[in-house]
Amino acid sequence: MAWYSVPSLFCLPIMAPIFYLFLAFSMITSSNAQVPPSPGYSPSSRVSSVTFNQGFRNLWGPQHQRLDQGSLTIWLDKSSGSGFRSLQPYQSGYFGAAMKLQPGYTAGVITSFYLSNNEDHPGNHDEIDIEFLGTTPDEPYTLQTNVYIRGSGDGNLIGREMRFHLWFDPTQDYHNYVILWTLSEIIFLVDDVPIRRYTKKTDATFPTRPMWLYGSIWDASSWATENGRYKADYSYQPFVGRYTNFKLGGCTTNGPASCRPPSASPSGSGSLSQQQVMAMNWVQRNYLVYDYCHDPKRDHTQTPEC
């Protein structure tokens, strides 16, 4: 048996450096896995910021809304939530805001930034959503993206939800969330990283009517957190949402017919670059937690784009 020990001793000086090199590589790879690859382009750099008063007004819950040095705070308590709306409707455009969420117990609470024409077409509306679904301590927020087309006209609301966890804690700092709505696609971005692209395949599966831009915080206890398992608990009130760095690069309904929204890509063509697609695919591989197209409980005859 002793002859086995001789080669083992000779191998030690060789194997040790290899082992530590492998360990270091693994640590670097693990660290990098938490950050998306660079998309190589920042669409936000092409759109100027506006103040809240330049682009929006309070819509409801004015006593639960405060504007301070360019930052808007809205909150929900047992008496009311709050919401705001753009000053004009848009036919397309780049719509962004930096948002910071409340830590701790926020189950049942929705903090949102979205486009809708529900006021103009109640019961038959279009909508493009960024919604943060409240959570319980030690569980991550879920970012829900959604698209409605002529919403509940037949009494059956058909959502097109894709939900994500994020590669950062959205309660620790402001991060930029964007809806880019063009004539041919909708792109959702987080800190300039595309996370979802919804392309127009037919008029029946794409919103084309003008919409207003909204933000709100409200109680959605019936469904927001684990399908309603956890409700809003007002012993933790107020629930607070913070917004700043508003960006409106849109084509208004009374604007020139030649108006086009900003491009998502450096080429200006509208479609994402290969580097942007790689970044989006990375996010979807690592942080996508629900895709309506892959839900076996859904009736996919209602979502032919899948």
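Author: What follows is a set of questions about labels, each answered by setting a value against its cut-off, and the model in question is a predicted one.

Reader: What makes R298 and E161 a salt bridge?

Author: The closest N and O atoms of R298 and E161 are 3.0 Å apart, and because the definition asks for a side-chain nitrogen of Lys or Arg within 4 Å of a carboxyl oxygen of Asp or Glu, the pair qualifies. The two residues belong to distant parts of the chain, 137 residues apart, with R298 in the segment after strand 16 and E161 in the loop between strand 9 and strand 10. The search of the whole structure finds 6 salt bridges.

Reader: Why is E161 called buried, and what is R298 called?

Author: E161 has a relative accessibility of 13%, and buried means under 20%, so the label buried applies to E161. R298, with a relative accessible area of 24%, is partly exposed, because that label covers values between the 20% and 50% cut-offs.

Reader: How do you know whether R229 and E226, which form a salt bridge, count as exposed or partly exposed?

Author: R229 stands at 59% relative accessibility, and exposed means over 50%, so R229 counts as exposed. The closest N and O atoms of R229 and E226 are 3.2 Å apart.

Reader: What makes F132 and Y177 an edge-to-face pair?

Author: Their ring centres lie 4.9 Å apart and their planes stand at 80 degrees, so this pair is edge-to-face. F132 lies in strand 8 and Y177 in strand 11, 45 residues apart, and both residues are buried.

Reader: What makes R85 count as a charge over the ring of W212?

Author: R85 lies over the face of W212 at 3.6 Å from the ring centre, and the distance part of the definition asks for within 6 Å.

Methods:
Residues are numbered from 1 along each chain as its sequence is written. This is a predicted model: local features need pLDDT of at least 70, side-chain atom pairs count only at pLDDT 80 or more; totals for chains, interfaces and linings use all residues. Side-chain values use heavy atoms; hydrogens and water are left out. Helices (H or I, at least four residues) and strands (E, at least two) are DSSP runs, numbered from the N terminus. Buried means under 20% relative accessible area, exposed over 50%, partly exposed in between (1.4 Å probe, protein chains only). Rings of Phe, Tyr and Trp (its six-membered ring) pair if their centres lie within 6.5 Å; planes under 30 degrees apart count as stacked, over 60 as edge-to-face and the rest as tilted. A charge sits over a ring if NZ of Lys or CZ of Arg is within 6 Å of the ring centre and within 35 degrees of the ring normal.
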